[in-house]
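Hi,

Here is the structure I promised to send over. Have a look at it first, and then read on for what turned up.

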Amino acid sequence: MSQIAVAHHNLRDFESALKLFDNLQKIDPYRLENMDTYSNLLYVREMKAELAYLAHHVCEVDKYRVETCCVIGNYYSLRSQHEKAVLYFQRALKLNPHYLSAWTLMGHEFMEMKNSSAAIQAYRQAIEVNPRDFRAWYGLGQTYEILRMPFYCTYYYKQAQQLRPNDSRMLVALAESYENLEKIEEAKKCYWKAYSVGDVEGTAVLRLAKLLKQKLEDEEKAAYFYNKFLEQAESFGTAGSDEQCQAYMFLGRYYLKRQLYDQASIYAQKCSEYNEVREEGKEILREIEAQRKGATGGDNLNGSIVQGQNAALQDKQTPLGNRLSPMNLMFTP
């Protein structure tokens, strides 16, 4: 059961993993194996009460186990007591210097403490223990990104992505580093693959739309991905974000260019709900009204011209005698 729970955790199926770990703890309350993974799940879900209970429970069972130190470290990390968290991760490494999870988690804590050199050292130690641990490679990429060293962070993100080829988070991170290096085509490919494999965080489709709208020939693709982004935002329940108002404004302009006034007016009205783009939305609505009036006036003018041309043509076809005005035969002395 514990291995199935770990497998669900690796697949990011957190709900199933939490249920299995909860059942496992009820069946065998004195089990400590894989409780560090359980504490990672509780940490990610920010379940403070459950993590606090688990930390007290494992400490009562055996406080000299590496799993116990890791659980307590996660507990202090969730409470933002990063110095104490580092202390317990160091205790775990004294008990077992090859304990991979402690090296990686300690690197995360050093990053929270803005100690980049110590974080890099911890992540490198994790890679020495297990070169196939994607979390350590990803952590190094994040560290060098913060240090504004794009070539280094691209290398480490690429290593993490090769270990997790279908993880959209790795692909989005790699795409962002390519974007910083102005390798736009590579960034587009990464964003597209992240969207194809299932965009976990819902950011790949938005960033891809932003890149595509920079070129006029890619506007249609950009509109497609902006629509997809809005669909995702509604499904994730993140309506009202700043990015959405920019998407509404772009789509309003896009449909206005193509004279699809009904769709353009829908997005322009949505722009008016946001302070940042309210004026742009009003401007789009005014342009729609002006273009509609111009189209109507043009139709009337064209109709008048056609009528005049028809009348002139009819006059030409009428015989000369029929076109002469009648003579006045009244004689006035």
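Which residues lie nearest the centre of the largest pocket? They are Val-44, His-108, Phe-134, Arg-135 and Arg-169, out of a lining of 38 residues.

Before going further, some ground rules. This is a predicted model, so to speak of a local feature takes a pLDDT of at least 70 and side-chain atom pairs count only at pLDDT 80 or more, while totals for chains, interfaces and linings use all residues. Residues are numbered from 1 along each chain as its sequence is written, and side-chain values use heavy atoms, with hydrogens and water left out.

**The chain overall**

The chain has 18 helices and zero strands. Both are DSSP runs numbered from the N terminus: helices are H or I with at least four residues, and strands are E with at least two. Of the 333 residues, 42% count as buried. Buried here is under 20% relative accessible area, exposed is over 50%, and partly exposed is in between (1.4 Å probe, protein chains only).

First, what a pocket is. On a 1 Å grid over the protein atoms alone, it is an open set of points where a 1.4 Å probe fits, with protein on both sides within 12 Å along at least five of seven lines; lining residues have an atom within 4 Å of a point. Grid points are joined across faces, edges and corners, and the volume is the space filled by probe spheres set on the points.

The largest pocket comes out at about 1400 Å³. Helices α1 (2-10), α3 (35-44), α5 (66-78), α7 (100-112), α9 (134-146), α10 (150-163) and α11 (168-180) each supply at least two residues of its lining. The biggest contributor is α7, with eight residues. By class, the lining has 14 nonpolar, twelve polar and twelve charged residues. In this scheme Ala, Val, Leu, Ile, Met, Phe, Trp, Tyr, Cys and Pro are nonpolar, Asp, Glu, Lys and Arg are charged, and the others, Gly among them, are polar.

The second largest pocket holds about 210 Å³ of space. Its lining has 13 residues, with Ala-55, Cys-59, Thr-68, Ile-72 and Tyr-88 closest to the centre. Two or more lining residues come from each of α4 (48-61), α5 and α6 (82-95), and α5 has the largest share, at five. This lining divides into nine nonpolar, two polar and two charged residues.

**Cysteines**

How many disulfides does a search of the whole structure find? Zero, with a disulfide taken as a pair of cysteine sulfur atoms within 2.5 Å. Take Cys-59: the closest cysteine sulfur, in Cys-69, is 8.7 Å from its own, so that pair is too far apart for a bond. Cys-59 is partly exposed, at 32% relative accessible area, whereas Cys-190 is buried, at 9%.

Glu-33 sits in the loop between α2 (14-27) and α3 and is partly exposed, at 36% relative accessibility. Beyond neighbours within four places in sequence, Glu-33 is in contact with Arg-65 and Glu-67. Its C-alpha is 9.6 Å from that of Val-66, which is 33 residues away along the chain.

Arg-292 is in helix α17 (residues 278-317), and it too is partly exposed, at 36%. With neighbours within four places set aside, Arg-292 is in contact with Tyr-261 and Asp-262. From Arg-292 to Gln-259 is 33 residues in sequence and 9.2 Å in space, C-alpha to C-alpha.

Backbone angles are the last item. Most residues other than glycine have a negative phi. Gln-259 has a positive phi of about 60 degrees although it is not a glycine; this residue is in the loop between α15 (242-257) and α16 (261-271) and is exposed, at 53%. Glu-46 also has a positive phi, of about 55 degrees. The place of Glu-46 is the loop between α3 and α4, and it is exposed, at 58%.

Cheers

Definitions and conventions
Contact means heavy atoms within 4.5 Å.
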